[in-house]
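Work through the exercises below with the sequence and the model at hand. Each task is followed by a stepwise solution.

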Amino acid sequence: MIARFRIELLSGEHNRSAFSCGVLALDRYLKEQASQDVRRRAASCYVAIDNSSDSLAGYYTLSAACTPLNELPAQLTKGLPRYPSVPVALLGRLAVDATFQGCGLGATLLADATLRALRSEVAVAALVVTAKDEQAEAFYRYHNFLNFGSLPHRLILPIAGYKPVLSN
Ligand SMILES: CC(C)(COP(=O)(O)OP(=O)(O)OC[C@H]1O[C@@H](n2cnc3c(N)ncnc32)[C@H](O)[C@@H]1OP(=O)(O)O)[C@@H](O)C(=O)NCCC(=O)NCCS
């Protein structure tokens, strides 16, 4: 089967001008800030390109971060060493253009981010995200993330033994 999307590192070749996911801050970030963050090594940014139209259909960012061990639910700390903080990959942003929403691309990008974190030469134990609202939080919970910590909408997905279930 020929894949509908290809996922690659953001570069100057990608046309971001038409990207619109329904959340202005996420559109703006891609158009105005993402390249700078990549250049300064504050984040990696991966984009999904629709193979038939070459449109930029979605993106996500990943950065290294750490989270206090004592904020994690007991079920997650069992297999972890007793260091005060846990190395994690931060999924800073994730967005799918409105034209492509609902066809599995969000799940594909999430799986891609998780696999990259898992394969990273810098060890990380989990993927962490701060969802922007309840609806986004529901998306992550649907994909097995668990709420943790005292801040609202903060979720974590342990990645040891992760196996992706891709819908496209
Ligand atoms: C949230 C977002 C990334 C989801 O991407 P998408 O491509 O529309 O979602 P998908 O088609 O990949 O959905 C995959 C699965 O998640 C489910 N899902 C999608 N959104 C969901 C939600 N808000 N709550 C619960 N489940 C959800 C789908 O029903 C689907 O289930 P299935 O595999 O059983 O059919 C996308 O809607 C988006 O970019 N929204 C605006 C920006 C945003 O909110 N980003 C979140 C960052 S905090």
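**Exercise 1.** Determine which pocket the ligand takes up in this predicted model, and which elements build the shell around the ligand.

Solution.
1. The ligand takes the space of the largest pocket.
2. Two or more residues of the shell come from each of strand S4 (85–96), helix H3 (105–119) and helix H4 (134–142).
3. With six residues, H4 gives the most to this shell.

**Exercise 2.** Describe the residues around the ligand by number and by class.

Solution.
1. The ligand is surrounded by 22 residues, and the closest are Val96, Gly104, Gly106, Ala107 and Tyr142.
2. By class, the shell holds 15 nonpolar residues, six polar and one charged.

**Exercise 3.** Find backbone atoms that make polar contacts with ligand oxygen, using a cut-off of 3.5 Å between N or O atoms.

Solution.
1. For Val96, a backbone N or O atom is 2.8 Å from an oxygen atom of the ligand.
2. For Cys103, a polar backbone atom lies 3.3 Å from a ligand oxygen.
3. For Leu105, the distance from a backbone N or O atom to an oxygen atom of the ligand is 3.5 Å.
4. As for cover, the ligand on its own has 920 Å² of accessible area, and the protein covers 71% of it.

**Exercise 4.** Locate the partners of the salt bridge that Arg4 forms.

Solution.
1. Side chains of opposite charge can pair when their charged atoms come close.
2. The whole structure has five salt bridges.
3. In one of them Arg4 pairs with Asp50, with 3.8 Å between the closest N and O atoms.
4. Arg4 is in the segment before strand S1 (5–9) and Asp50 is in strand S2 (residues 44–50), so the pair, 46 residues apart, links distant parts of the chain.

Technical notes. Residues numbered from 1 in each chain as written. Predicted model: local features only at pLDDT ≥ 70, side-chain atom pairs only at ≥ 80, totals over all residues. Heavy atoms only, no water. Near = heavy atom within 4 Å. Polar contact = N/O pair within 3.5 Å; in protein donor to acceptor, adjacent residues only side chain to side chain. Areas by Shrake-Rupley, 256 points an atom, 1.4 Å probe, with all protein chains shown as cover. 1 Å grid on protein atoms, 1.4 Å probe; cavity = no way out; pocket = protein on both sides within 12 Å on 5 of 7 lines; lining within 4 Å. Sits in = over half its atoms within 2 Å of the grid points. Helix = DSSP H or I, 4+ residues; strand = E, 2+ residues; numbered from the N terminus. Nonpolar A, V, L, I, M, F, W, Y, C, P; charged D, E, K, R; others polar. Salt bridge = Lys/Arg side-chain N within 4 Å of Asp/Glu carboxyl O.
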